[in-house]
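The sequence and the structure come first.

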Amino acid sequence: MKLWSDADVAAALDLDTAIAAQRVAFESLGRGEAQLAEKVVIRTGADTTLCYLSRLSPRHGAVGKLVAVHPGNAERGQPPVTATVLVLDPTTGHPVAVMAATALTEVRTAAASAVAADALAAPTADELAVLGSGVQARAHVRAIARVRELREVRVFSRDAQRREAAAAELADELGIAVRAAASAEAAVRDAPLIAACTLSGEPVVPTAAVAAGATVISVGSFERHRCEVDAELVRRAGAVVVDEVDTAVVHAGPIAQALKRGDLTRERLRALGAVLLGEQPGRTSDSEIVFYNSVGLGVQDAAAAHAVLGTL
């Protein structure tokens, strides 16, 4: 059995490989090849522990992941999300690899959003607004830049120093115009692509500033109490796409709350895998707002882990 450090995983899982792996994950799920257990969640105050278990296909070994979300770590100078992955042999069930999965989670989450953006955003979308300036926000800029030729990126977070630093880092790295916005409204206004990458329990996307035709991606609304978008945005959305319907109705804050209010029906939810396979539409007009809520799935970790191992 091999032990993989975060550095090992990061070296093996470049963005293009990760994006291709996430496309495989969602298409496998859409075809019914993947097996996905219910996500297990334990909350202790502001901290959350999550457990994922899945199998990408019958020929792939099962993959389990344990994740710890500790928002207070940001103030301690430590990652707010840490994770560990275990990969089993498909025939014997014996452990094949144990991976530190903080880097894996970072990359696979952003790569999945890139797959969603590629499928849902207008082909002409060349501006990206990012809410948040942490690890996931920066990873999303890098990943979405692989599927869209971005002309400008606008970054907003509450800490002016951090958003300025993130913008400077990304501009230097990617060679595109990345600037820190003075407010969420300034970041979002007229942006055809919006990515919310926070751990907020309150809406961070200013719905009034969201333009017609925008695609809004939320990756921080992965628990019922976390809502990066408000009720009005869900009501305005012409299409509501989720990573997996059964998981979203239980765990995605904006989705669960909209269903409870009666603003949304389960039948309106579209799974990303079905959109990728052409079984359901994604965007149906240039003017509709499309909302994509990701809570994260074990099959994403399975695809990323197998990509690292070369067994995808």
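Helices (H or I, at least four residues) and strands (E, at least two) are DSSP runs, numbered from the N terminus. His-225 lies in the loop between strand S12 (215–218) and helix H7 (231–236). The model is predicted: local features need pLDDT of at least 70, side-chain atom pairs count only at pLDDT 80 or more, and totals for chains, interfaces and linings use all residues. Residues are numbered from 1 along each chain as its sequence is written, and side-chain values use heavy atoms, with hydrogens and water left out.

- His-225 is partly exposed because its relative accessible area is 30%; the class lies between buried (under 20%) and exposed (over 50%), with a 1.4 Å probe and protein chains only.
- Not counting residues up to four places away in sequence, His-225 touches Arg-43 and Gly-201, where contact means heavy atoms within 4.5 Å.
- The side chains of His-225 and Arg-43 are joined by a polar contact of 3.4 Å.
- A polar contact is a pair of N or O atoms within 3.5 Å; within protein, one must be able to donate a hydrogen and the other to accept it, and residues adjacent in sequence count only if both atoms are side-chain atoms.

**Glu-127 and two arginines**

- Glu-127 lies in strand S8 (residues 127–131) and counts as buried because its relative accessibility is 14%.
- Its side chain makes polar contacts with the side chains of Arg-151 (2.9 Å) and Arg-154 (2.8 Å).
- Leaving aside neighbours within four places in sequence, the contacts of Glu-127 also include Leu-150, Asp-190 and Pro-192.

**The nonpolar core**

- The largest nonpolar core has 104 residues, and Met-99, Leu-128, Val-210 and Phe-291 have the most contacts inside it.
- Helix H3 (residues 102–120) gives the largest share of this core, 10 residues.
- Such a core is a set of buried Ala, Val, Leu, Ile, Met, Phe, Trp, Tyr and Cys residues joined through side-chain atoms within 4.5 Å.
- Beyond four places in sequence, Met-99 touches residues including Trp-4, Val-85, Leu-104 and Val-308.

**A nonpolar surface patch**

- Met-1, Leu-3 and Leu-86 form a nonpolar patch on the surface, with about 330 Å² of accessible area together.
- Patch residues have over 30% relative accessible area and no salt bridge; like charges are joined within 9 Å, nonpolar side chains (Val, Leu, Ile, Met, Phe, Trp, Tyr) within 5 Å.
- A salt bridge is a side-chain nitrogen of Lys or Arg within 4 Å of a carboxyl oxygen of Asp or Glu.
- Accessible areas come from the Shrake-Rupley method with a 1.4 Å probe; for residues, only the protein chains shown count as cover.
- Leu-86 lies in strand S6 (residues 81–88) and is partly exposed, at 34% relative accessibility.
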